[in-house]
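Work through the exercises below with the model open beside you. Try each task before reading its solution.

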Amino acid sequence: MIEIFPVPSAMAPDVVDRVEADIRAALEHGGDFDVDDVREMVAKRDWQIWIVTEAGRHAGVVITHVALRPTAKVCEIVLLAGIDAKRWMGRAEDAVAGWARELGCVAMEAAGRLGWERRMAPKGWRRAAVVIRKELTNG
């Protein structure tokens, strides 16, 4: 059985230590932050952390952020990582979406690799933008 648990804010910094390997693995594929940034953001309650378990064992982690935009509140999935995530990412999205609706969010967003788009399309996700990036170096 797959279960998704939001971590209470007071416990979130300690939980980051327990899921650090998942976070590091996700950040190998990109990201403008590191594990220390995650610790800081969850400690400040700017980001929320969710734990995924399957049959009582750790399966993954989801990190969210509620963005207050000028005309809307949007729940952003900042990071999703773990063991065989394709098995549980839809269930995790359901849990986060329900929570986001309760907070008054009008949409959810995630930036990730193209495989996410294919996996999440059956749940109503669509490409809203394309992010391109150029690294700026000194010189």
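At 36% relative accessibility, Asp84 counts as partly exposed, a class between buried (under 20% relative accessible area) and exposed (over 50%), found with a 1.4 Å probe on protein chains only. The model is predicted, and local features need pLDDT of at least 70, side-chain atom pairs count only at pLDDT 80 or more, and totals for chains, interfaces and linings use all residues. Residues are numbered from 1 along each chain as its sequence is written, and side-chain values use heavy atoms, with hydrogens and water left out.

**Exercise 1. Two positive phi values**

Task: Find where Asp84 and Ala55 lie, and state the phi of Asp84 and of Ala55.

Solution. 
Step 1. Asp84 is in the loop between strand E4 (73-82) and helix H4 (85-102); helices (H or I, at least four residues) and strands (E, at least two) are DSSP runs, numbered from the N terminus.
Step 2. The phi of Asp84 is near 50 degrees, which is positive although the residue is not glycine.
Step 3. Most residues other than glycine have a negative phi.
Step 4. Ala55 belongs to the loop between strand E2 (47-54) and strand E3 (57-68). The hairpin of E2 and E3 has 2 residues between the strands, and Ala55 takes a positive phi near 55 degrees there.
Step 5. Ala55 is exposed, with a relative accessible area of 61%.

**Exercise 2. The sheet**

Task: Give the order of the strands in the open sheet, and say which strands stand at the edges.

Solution. 
Step 1. The open sheet has 5 strands in the order E1-E2-E3-E4-E5, and the pairing is mixed. Two strands pair if DSSP finds at least two bridges between them.
Step 2. Strand E1 (2-6) and strand E5 (107-110) are at the edges; each has a single partner strand, so one side of each is left without a neighbour in the sheet.
Step 3. From one strand to the next, the twist averages 30 degrees, where axes are lines fitted to C-alpha atoms and angles run from 0 to 180 degrees between N-to-C directions.
Step 4. Strands E2 and E3 run antiparallel and are joined by 8 bridges. Val52 stands opposite Gly60 in E3.
Step 5. Strands E3 and E4 also run antiparallel, joined by 9 bridges, and the hairpin between them passes through 4 residues. Gly60 stands opposite Gly82 in E4.

**Exercise 3. Salt bridges**

Task: How many salt bridges does a search of the whole structure find, and which parts does the pair of Glu109 and Arg69 tie together?

Solution. 
Step 1. The search finds 12 salt bridges.
Step 2. The side chains of Glu109 and Arg69 meet in a salt bridge (2.8 Å, N to O). Glu109 lies in strand E5 and Arg69 in the loop between E3 and E4, so the pair ties together parts that are 40 residues apart in sequence.
Step 3. Glu109 is partly exposed at 35% relative accessible area, and Arg69 is partly exposed at 33%.
Step 4. Asp36 and Arg39 form a salt bridge (2.8 Å, N to O). Both lie in helix H3 (residues 35-43), 3 residues apart, about one turn of the helix.
Step 5. Asp36 and Arg39 are linked with Asp17, Glu20 and Arg24 in a network of salt bridges.
Step 6. Lys44 forms a salt bridge with Asp46, with the closest N and O atoms 3.7 Å apart. Lys44 is partly exposed at 48%, as is Asp46 at 29%.

Notes. A salt bridge is a side-chain nitrogen of Lys or Arg within 4 Å of a carboxyl oxygen of Asp or Glu.
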